[in-house]
Amino acid sequence: MRVRLPAWLAKNRSLRIGLAMLAVAVAVPQGAALSEVLAKGPEPIAISATPIPAFTSSAPDRRRFGRLEFRGGLQLRSPHPAFGGFSGLARSPDGRRLTAISDKGYWLSADVAADASGRIVGLHRAVMGPLLSQTGRPLASTRSYDTEGLAITGQVAYVSIERTHEVLRFDWGAEGPRGPAKAVPLPKEVKALGRNKGLESIGVAPPGSPVAGAVVTIAEEPPRAGGPDGFIVTGPVKGTFSVARRDGFAITDMAFLPGGDLVLLERRYVPPFSLAMRLRLVDRAAIRPGAVVDGEILLTADLAAEIDNMEGLAAHRNAAGETILTLISDDNFSMFQRTVLLEFALLPPESASIAPSVKAR
């Protein structure tokens, strides 16, 4: 059931999201309805979509933000009790199929519907179900429930788990996982990560990357005592690296571009009512053992823009050959927040003359 908020609260996005983010620390377990979902397994679900025609309401005609061009967005809703909390995102190479995972151990897969101009208008043929542990139990009922990052390559999916510092491998088909998880060995350095600051993002390096084919995962924040926060965990060039951190932003996801460059999705939350997101572009040559990784800021946006708690990022090329970035928000299963899906086109470097920021005045 969706609760209708008072008008004064519904219009105050900063207050709504601030209340919800503060409530995460004292969130209660989800109820019996989700137990029924676990028993049923994957099932079709209905998703309604409300268009987000402008990225910022103060300048609704503005489409360009540095090298990014806003292509549209949706606010998504579903009566399904497991819907929400989306922290990892993937799209098929042609962009027609979208897959997301929640931070409660569930997966969602759906066809992406677009209008004649290519603007996203909805999600169709949606299916949702629980991810299964190595023993066949739903991850939601184990200590490995905190599934945060998702990368799909061919018929294989990789999922990073934050609190327990794990990476799991799944055989993956058109309609989701084909069986239980298999563990991916990780370097000993991951044990130094904070319990709720762990492996937030994951990707598989594409051809063109110096570590092509490797699974790469990055922590939300570096270890408090120092040490690496990036890990190349498969392939012939295994190792660790670090990501330059500044301005109070933490990493919530990553996506390799088709050419091998890497985009980082970052979030900054300053209690009680300040929330911002940032996208950073990292050159493909920077991802190597022992490196300190930094990159160009593509976009910074706070609650003056149509953002929420942005945690999922995916990249693909459309039929016109454009690189499309897709972002999804984690609503923390809160009536105060939204599940927001946004699309941007990444333009060539010479297109960066326009300021890449949206900030409240």
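Visitor: How many helices and strands does the protein chain have?

Guide: The chain of this predicted model has 3 helices and 26 strands. Among contacts between residues at least 6 apart in sequence, 58% join residues at least 24 apart. Of the 361 residues, 55% are buried.

Visitor: What pLDDT does the protein chain average, and which stretches fall below 50?

Guide: The average is 91, and 88% of the residues score at least 70. Residues 1-5 have a pLDDT below 50, and this stretch makes 8 contacts beyond near neighbours in sequence. Residues 25-29 also stay under 50, with 0 contacts beyond four places in sequence. Where pLDDT is low, the predicted coordinates should not be read in detail.

Visitor: On to the aromatic rings. How many aromatic pairs are there, counting centres within 6.5 Å?

Guide: The count comes to 7 aromatic pairs.

Visitor: Why is the pair of F55 and F65 called edge-to-face?

Guide: A pair of aromatic rings is described by the distance of the centres and the angle of the planes. The centres of F55 and F65 are 5.2 Å apart, within the 6.5 Å limit for a pair. Their planes stand at 80 degrees, and edge-to-face requires over 60, so the pair is edge-to-face. F55 sits in the loop between β2 (48-52) and β3 (64-65), while F65 belongs to strand β3, 10 residues away.

Visitor: What makes F55 and F65 count as buried or exposed?

Guide: The cut-off for buried is under 20% relative accessible area. F55 has 0%, so F55 is buried. F65 also has 0%, so F65 is buried.

Visitor: Next, the second largest pocket. What is its volume, and which residues lie nearest its centre?

Guide: The volume of the second largest pocket is about 760 Å³. Its lining consists of 33 residues, and R91, S92, P93, I152 and T153 lie nearest the centre.

Visitor: Which strand supplies the largest share of the lining of the second largest pocket?

Guide: That is β23, with 5 residues. Strands that each supply at least two lining residues include β5 (86-91), β9 (147-153), β18 (250-256) and β23 (310-317). By class, the lining has 21 nonpolar, 9 polar and 3 charged residues.

Visitor: Now the backbone. What makes the peptide bond between P271 and P272 worth a remark?

Guide: Most residues other than glycine have a negative phi, and most peptide bonds are trans. The bond joining P271 and P272 is cis, with omega about 5 degrees. P272 is in the loop between β19 (262-270) and β20 (274-282).

Visitor: What is the phi of D247, and where is D247 placed?

Guide: Phi of D247 is near 65 degrees, a positive value in a residue other than glycine. D247 is found in the loop between β17 (239-243) and β18.

Visitor: Why is D247 called partly exposed?

Guide: The relative accessible area of D247 is 47%.

Visitor: What is the phi of F333, and why is F333 called partly exposed?

Guide: F333 is not a glycine, yet its phi is positive, about 55 degrees. F333 occupies the loop between β24 (323-329) and β25. Its relative accessible area is 27%, between the two cut-offs, so F333 is partly exposed.

Visitor: How do you know whether I218 is buried or exposed?

Guide: I218 has 1% relative accessibility, and buried means under 20%, so I218 counts as buried. I218 is in strand β15 (residues 215-219). Between I218 and T240 there are 9.7 Å in space, C-alpha to C-alpha, and the two residues are 22 residues apart in sequence.

Conventions: Residues numbered from 1 in each chain as written. Predicted model: local features only at pLDDT ≥ 70, side-chain atom pairs only at ≥ 80, totals over all residues. Heavy atoms only, no water. Phe/Tyr/Trp six-rings, centres within 6.5 Å; stacked < 30°, edge-to-face > 60°. Helix = DSSP H or I, 4+ residues; strand = E, 2+ residues; numbered from the N terminus. Buried < 20%, exposed > 50% of the residue type's maximum accessible area, 1.4 Å probe, protein only. pLDDT = per-residue confidence, 0-100. Contact = heavy atoms within 4.5 Å. 1 Å grid on protein atoms, 1.4 Å probe; cavity = no way out; pocket = protein on both sides within 12 Å on 5 of 7 lines; lining within 4 Å. Points joined across faces, edges and corners; volume = space filled by probe spheres on them. Nonpolar A, V, L, I, M, F, W, Y, C, P; charged D, E, K, R; others polar.
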